[in-house]
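Dear colleague,

Please find the structure below, handed over for your files.

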Amino acid sequence: MGDSVDLRDRAAAVTGGASGIGRAIAELLAERGARVTVGDIDYPEGVRSVLAARGIEALDCDVTREPQVEALVEHAARGTGQLDIAIHSAGVGMVGPITERSGADWDHCLDVNVKGAYLLSRAAVPWMRRAGGGALVFIASNAGLLPRAHDPVYSTSKGALLALMRSVGLCHAGERIRCNAVCPGPVGQTRMMDEQLDAAPDRDAAVRALLAASPFAEACGRMITPREIAEAVLYLVSDAALFVTGTALAIDGGKSLGVPARRV
Ligand code: NAD
């Protein structure tokens with residue numbers, strides 16, 4: 001459906017747009033004609049110029065800092081004075097049981113993953129009202145759909161993010177502002193995944209274990225790509241999804257469905 005989506009008159013803000021899923025979303029929205037501004041705290045070398053070549057503006061923006069998020073949204077809305085699309089893709093992982101995670105870890109994870117979405121929504125909604133509507137999308141995780149033993153703090157943050165998504169969707173539906181989430185399974189070509197695999201004692205075994213937990217990923221012999229997540233986001237922000245709000249779209253190869261078939 002991607003080719004048929006025309007976003008030429010739309011302005012978009014994307015947090016976490018320097019890398020992985022956020023960058024793929026920014027690039028796809030720009031390909032479809034949107035005027036895209038991304039915000040991030042850490043741009044890998046060369047990324048700013050690649051984004052600039054695609055017409056995407058890259059700002060320094062820490063999503064936990066209210067003035068920086070407001071500046072991102074204002075910049076995205078410059079010119080036409082309206083914002084149509086806001087994506088919260090900035091996120092941090094937090095692997096480890098609660099006994100090994102400090103209060104500071106908890107605060108950091110909840111601040112980036114949840115408060116960042118709250119600040120983005122709060123900044124974006126007034127501009128969307130002026131535009132007569134808009135679409136917010138939060139990048140959650142299958143960790144928000146079911147608890148995971150290995151990262152309870154992260155799972156809590158993504159569960160809370162889904163609660164925020166539903167509340168924002170309900171609260172602003174009357175203003176034609178939609179709010180949805182996607183819940184990815186294992187996505188390769190992302191810094192978050194690379195860091196997780198780099199920390200594993202056996203990288204290949206870690207990849208096998210990740211694939212085994214997602215039956216469709218295992219059947220395909222690979223992880224999900226950032227572009228595949230971006231295509232779903234494109235649908236959610238498009239007019240084709242006009243009546244879709246409050247949805248948590250799992251893109252996880254069946255990971256959140258239940259216990260996979262036994263192979264013995
Ligand atoms: P990524 O690390 O490539 O991208 C995350 C981006 O967020 C980075 O560019 C990082 O600099 C940025 N960021 C971190 N803290 C920030 C802050 N305070 N302010 C602004 N930007 C900040 O990883 P990704 O996989 O593309 O992650 C994107 C989202 O997808 C995250 O919310 C993550 O939780 C979610 N997710 C990822 C996977 C996966 O397997 N990679 C699976 C499910 C969900």
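How many salt bridges are counted between domain 1 and domain 2? The count is two, a salt bridge being a side-chain nitrogen of Lys or Arg within 4 Å of a carboxyl oxygen of Asp or Glu. R222 and E228 form a salt bridge through their side chains, at 2.7 Å from N to O.

The model is predicted: local features need pLDDT of at least 70, side-chain atom pairs count only at pLDDT 80 or more, and totals for chains, interfaces and linings use all residues. Residues are numbered from 1 along each chain as its sequence is written, and side-chain values use heavy atoms, with hydrogens and water left out.

The domain assignment, which is automatic or taken from a database, gives domain 1 as 2-185 + 225-250 and domain 2 as 189-223. Their C-alpha centres are 24 Å apart. To the contact (heavy atoms within 4.5 Å), domain 1 contributes 14 residues and domain 2 contributes six residues. By class, the domain 1 side has six nonpolar residues (Ala, Val, Leu, Ile, Met, Phe, Trp, Tyr, Cys and Pro), three charged (Asp, Glu, Lys and Arg) and five polar (the others, Gly among them).

About 740 Å² is buried between the two domains, with carbon and sulfur atoms giving 50% of that area; buried area is the accessible area (1.4 Å probe) that two parts lose on being put together, summed over both. S19, T225 and P226 supply 40% of what domain 1 buries against domain 2, more than any other three residues.

Yours sincerely
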